[in-house]
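Please read this briefing alongside the sequence and the 3D view. It begins with a question and then goes through its topics in turn.

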Amino acid sequence: MGLFNWSYRSGDEQQLHGLAMRIAQRSLSEVLQSVTALTPQMSPAEARGYIRTRAAKVVTREIAAACAADPRLRQADRARLLSLVTDSLVAAVTEQRRMGRRTMAA
């Protein structure tokens, strides 16, 4: 066990956040394509749920690939990554949606 392994096991959030951001960046375009039915009529809570549902398959696949590449990630790390990546994608898609509305209104 190296120092990197110890860091994950000790809950080093900074490394998990970095990995989560890379996964979110890789997944964003695919998630954006899958939320085309997201409408302005949806409430914010409804939109977040819709985005989470559409992103789940992509996020799960990307996290599995990251865990296969780094076997030091534990199950708890996977669960934390799922939460971090999904939250990042919801924020990014929501921002894209907001920017799209501004562009259309202008």
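Is the crossing of helix 2 and helix 3 left-handed or right-handed? The crossing of helix 2 and helix 3 is right-handed, where a crossing is left-handed if the near helix is turned anticlockwise from the far one by less than a right angle, and right-handed if clockwise. This is a predicted model, in which local features need pLDDT of at least 70 and side-chain atom pairs count only at pLDDT 80 or more, while totals for chains, interfaces and linings use all residues. Residues are numbered from 1 along each chain as its sequence is written, and side-chain values use heavy atoms, with hydrogens and water left out.

**The chain as a whole**

- The protein chain has 4 helices and 0 strands, where helices (H or I, at least four residues) and strands (E, at least two) are DSSP runs numbered from the N terminus.
- Read from the N terminus, the elements of the protein chain follow the order α-α-α-α.
- The protein chain has 106 residues, of which 32% count as buried; buried means under 20% relative accessible area, exposed over 50%, and partly exposed in between (1.4 Å probe, protein chains only).
- Carbon and sulfur atoms account for 57% of the accessible surface of the protein chain, which comes to about 6600 Å² (Shrake-Rupley method with a 1.4 Å probe).
- Of the contacts (heavy atoms within 4.5 Å) between residues at least 6 apart in sequence, 74% join residues at least 24 apart.

**Helix 2 against helix 3**

- Helix 2 (residues 13-34) packs with helix 3 (residues 44-69) at an angle of about 135°, and their axes are 9 Å apart; axes are lines fitted to C-alpha atoms, for helices over the stretch in contact, and angles run from 0 to 180 degrees between N-to-C directions.
- The two helices are therefore oblique to each other, since angles under 35 degrees count as roughly parallel, over 145 as roughly antiparallel, 65 to 115 as roughly perpendicular and the rest as oblique.
- Helix 2 contributes residues including Leu19, Ile23 and Ser27 to the contact, and helix 3 contributes residues including Tyr50, Val58 and Glu62.

**Two buried residues**

- Ser27 lies in helix 2 and is buried, with a relative accessible area of 0%.
- Not counting residues up to four places away in sequence, Ser27 touches Val58, Glu62 and Leu89.
- Thr86 lies in helix 4 (residues 75-105) and is buried, with a relative accessible area of 9%.
- Leaving aside neighbours within four places in sequence, Thr86 is in contact with Arg52 and Val59.
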